[in-house]
Amino acid sequence: MDSIRIVGGKPLEGKIYISGAKNAALPLLAASLLTDETLTLGNVPHLADITTMANLLSQHGVNISLNGEQKLGGTGRVMELKASNVSNVTAPYDLVRKMRASILVLGPLLARCGQAKVSLPGGCAIGTRPVDLHISALENLGATISIDNGYINANAPNGLRGAEIVFPVVTVTGTENIMMAAALAKGQTTIVNAAREPEVVDLANCLVAMGARIEGIGSDRLRITGCDRLHGATHSVIPDRIETGTFAMAAAITDGDVELIGAKMEHLNSVARVLSKAGVSVTETKHGLQVCRVNGLHGVDVMTEPYPSFPTDLQAQFMALMTVAEGASMITETIFENRFMHVPELQRMGANITVHNASAMVRGVAHLNGAPVMATDLRASVSLALAGLAAKGETILNRIYHLDRGYERLEEKLAACGATIERIRAAA
Ligand code: UD1
């Protein structure tokens with residue numbers, strides 16, 4: 001298995017191009033199942049999770065072609081998806097277990113074909129992450145659902161019909177699944193307590209371009225009036241706000257000065273506010289955002305919450321930053337119950353962190369020391385890379401397949417800004 005070697009201590013300086021958002025691209029790819037016409041997506045990042053989704057869609061019968069780079073803005077690829085016929089409504093365990101977001105095909109398959117059989121995603125490193133809310137919402141839309149041998153068997157032979165869906169907790173992929181299903185249901189669906197993440201908004205905008213009727217986009221109450229059919233469209237994926245936040249924190253932890261090209265402040269207001277309190281300036285430029293420290297780094301308390309608050313997907317990276325800040329920082333995770341797996345690894349690098357239930361108390365230390373580390377999920381892995389960039393000496397980051405799921409050319413982007421970082425290929 002490949003690993004990444006980092007020798008810390010160099011300030012990051014230069015420009016980093018922000019890729020298309022993984023979490024926006026995944027539901028957008030799934031939306032191709034809703035129409036027999038071509039959906040053309042631009043700025044699609046080159047990531048393992050995107051390949052997994054493309055493989056899943058191919059086996060449902062979606063024809064996918066890659067059409068060069070940069071045609072539709074951004075740095076990513078252009079992908080054309082055409083689901084003339086959906087030839088198979090089963091999402092098999094082998095693909096779903098690789099990536100929980102595979103659940104995003106459930107709503108579109110059911111709405112388009114009247115049936116779907118999708119493997120239950122099962123547990124994952126950061127918590128139990130059930131899909132009960134996806135299932136009960138689809139039942140509200142008239143589907144009959146049973147769980148047999150680890151598969152969600154969903155049927156709606158006469159089509160789905162609109163209903164009021166009230167989510168008891170904010171669910172991002174749940175909102176996306178129901179929005180896609182409701183776009184082809186009969187009548188009106190209201191989603192109450194809908195997720196407002198920019199990725200949900202991006203999907204809604206694309207669905208509208210495909211002919212869907214959606215009101216309240218960007219609010220926590222979505223009204224969707226179902227259509228008989230949707231048509232093809234061309235849409236460009238938004239820049240990745242989590243990648244942006246990650247590189248902003250990389251600039252801050254190394255006391256560097258980096259311009260994040262293509263990044264959008266409107267998606268990062270809460271993060272920029274927290275960084276500003278910590279002594280890091282994030283300002284808009286003509287092409288993106290400029291990030292550097294103002295004075296020293298200071299400890300700041302943070303609580304993760306649904307958008308527009310501070311994202312859980314930046315919690316680990318922020319914790320890495322706080323390990324070398326002056327003073328203390330209380331970091332509270334409210335979205336996932338087991339999302340502190342980076343803590344023991346950061347401690348091995350010399351961090352002073354005490355976890356109590358859902359909160360971690362981080363007391364800043366003068367410096368971290370490089371160490372061999374390994375992580376169990378995507379964002380935890382990248383937080384260790386940030387720690388390695390700031391640490392004295394060498395850090396070897398193992399199990400980097402997690403990083404490849406969600407960060408495009410991470411080591412290249414960092415090396416171009418002066419970091420000493422390289423991928424060590426495992427012997428074949
Ligand atoms: C999405 C993101 C992920 C991010 C998360 C929270 C994608 C592909 N992934 O994941 O990167 O960390 O949002 O911002 O966009 N829940 C239930 N039952 C359900 C669904 C969710 O109890 O049926 C709970 C979850 O366990 C969790 C909370 O709701 O505690 C929020 O999860 P959710 O927003 O659904 O996360 P994902 O959509 O899986």
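**A walk through a predicted model**

Hi everyone, let's start at the ligand, where a polar side-chain atom of Asp-132 lies 2.7 Å from a nitrogen atom of the ligand. That is a polar contact, meaning a pair of N or O atoms within 3.5 Å; within protein, one atom must be able to donate a hydrogen and the other to accept it, and residues adjacent in sequence count only if both atoms are side-chain atoms.

A quick word on what you are looking at. This is a predicted model, in which local features need pLDDT of at least 70 and side-chain atom pairs count only at pLDDT 80 or more, while totals for chains, interfaces and linings use all residues. Residues are numbered from 1 along each chain as its sequence is written, and side-chain values use heavy atoms, with hydrogens and water left out.

Back to the ligand. It has 18 residues around it, and the closest are Asp-132, Thr-171, Thr-173, Asp-313 and Ile-335; a residue is near a molecule if one of its heavy atoms lies within 4 Å of it. Asp-313 places a polar side-chain atom 2.6 Å from a ligand oxygen, and Asn-23 has one 3.0 Å from an oxygen atom of the ligand.

Next, a sheet. Helices (H or I, at least four residues) and strands (E, at least two) are DSSP runs, numbered from the N terminus, and two strands pair if DSSP finds at least two bridges between them. Four strands make an open sheet with mixed pairing, in the order β2-β15-β17-β16. Looking at one pair, β2 and β15 run in the parallel sense over five bridges, and Lys-15 stands opposite Glu-259 in β15.

Now find helix α12, residues 378-390. Its 13 residues reach 19 Å from first C-alpha to last, close to the 18 Å expected at 1.5 Å a residue; the expected span is 1.5 Å times one less than the number of residues. How many of the residues of α12 are buried? The count is 12 of 13, with buried meaning under 20% relative accessible area, exposed over 50%, and partly exposed in between (1.4 Å probe, protein chains only). At the start of α12, a side-chain oxygen of Asp-377 comes to within 3.1 Å of the backbone nitrogen of Arg-379.

Finally, some backbone angles. Most residues other than glycine have a negative phi, and most peptide bonds are trans. Asn-43, in strand β3, has a positive phi near 60° and counts as buried at 5% relative accessibility. Arg-409 sits in the loop between α13 and α14; its phi is positive too, near 45°, and at 41% relative accessibility Arg-409 counts as partly exposed. The peptide bond from Tyr-307 to Pro-308 is cis, with omega near 10°, and Pro-308 is in the loop between β18 and α10.
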